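Biologist: I am new to this structure. Please show me how to read its features, one at a time.

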Amino acid sequence: MSVATLEEARAAKAVLRARLLGRLPGLRGLGIAFVDGGYGVRVLVDRRPADGAIPDDVDGVPVIVDVVGELTPL
């Protein structure tokens, strides 16, 4: 994985949010993750998305997908 700065990760998160909101069933959240001495974008989903639904990177910033299942209030 490539190393991205925090600013690059924030910009990539905004781009990814625009691409995924309303288009990816089961999207539960987006965040910034620490990856290999740099930063990446973390995508939280309730189930594994179809291949190609989420890119591996956005403008060189790595994208990590975490399947978190259904979220329920405590």
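Modeller: Start with burial. Buried means under 20% relative accessible area, exposed means over 50%, and partly exposed lies in between, with a 1.4 Å probe and protein chains only. Leu24 counts as buried because its relative accessibility is 11%.

Biologist: What kind of model is this, and how are residues numbered?

Modeller: This is a predicted model: local features need pLDDT of at least 70, side-chain atom pairs count only at pLDDT 80 or more, and totals for chains, interfaces and linings use all residues. Residues are numbered from 1 along each chain as its sequence is written, and side-chain values use heavy atoms, with hydrogens and water left out.

Biologist: Which elements does the chain have, and in what order do they run?

Modeller: Helices (H or I, at least four residues) and strands (E, at least two) are DSSP runs, numbered from the N terminus. Here there are one helix and four strands. Their order from the N terminus is α-β-β-β-β.

Biologist: Now the charges. How many salt bridges are there in the whole structure?

Modeller: Side chains of opposite charge can pair when their charged atoms come close. A salt bridge is a side-chain nitrogen of Lys or Arg within 4 Å of a carboxyl oxygen of Asp or Glu. A search of the whole structure finds three.

Biologist: Which residues are linked in a network?

Modeller: Arg28, Asp46 and Arg47 are. Arg28 and Asp46 meet at 2.9 Å, N to O. That pair links distant parts of the chain: Arg28 is in strand β1, and Asp46 is in the loop between β2 (38–45) and β3 (57–58), 18 residues apart. Asp46 also forms a salt bridge with Arg47, with the closest N and O atoms 2.9 Å apart. Asp46 is buried, at 10% relative accessible area. Arg28 is partly exposed at 37%, and Arg47 is partly exposed at 44%.

Biologist: How far apart are N and O in the salt bridge of Asp66 and Arg42?

Modeller: They are 2.6 Å apart. Asp66 lies in strand β4 (residues 61–67) and Arg42 in strand β2, so the pair ties together parts 24 residues apart in sequence. Asp66 is partly exposed at 26%. Arg42 is partly exposed at 27%.

Biologist: And Lys13: is Lys13 buried or exposed?

Modeller: Lys13 is buried yet has no salt bridge. For charges, Lys and Arg count as positive and Asp and Glu as negative; His and the chain ends are not counted. The nearest side chain of opposite charge to Lys13 is Asp66, 13 Å away. Lys13 is found in helix α1 (residues 6–20). Leaving aside neighbours within four places in sequence, Lys13 is in contact with Leu30, Gly31, Ile32 and Val41.

Definitions and conventions
Contact = heavy atoms within 4.5 Å.
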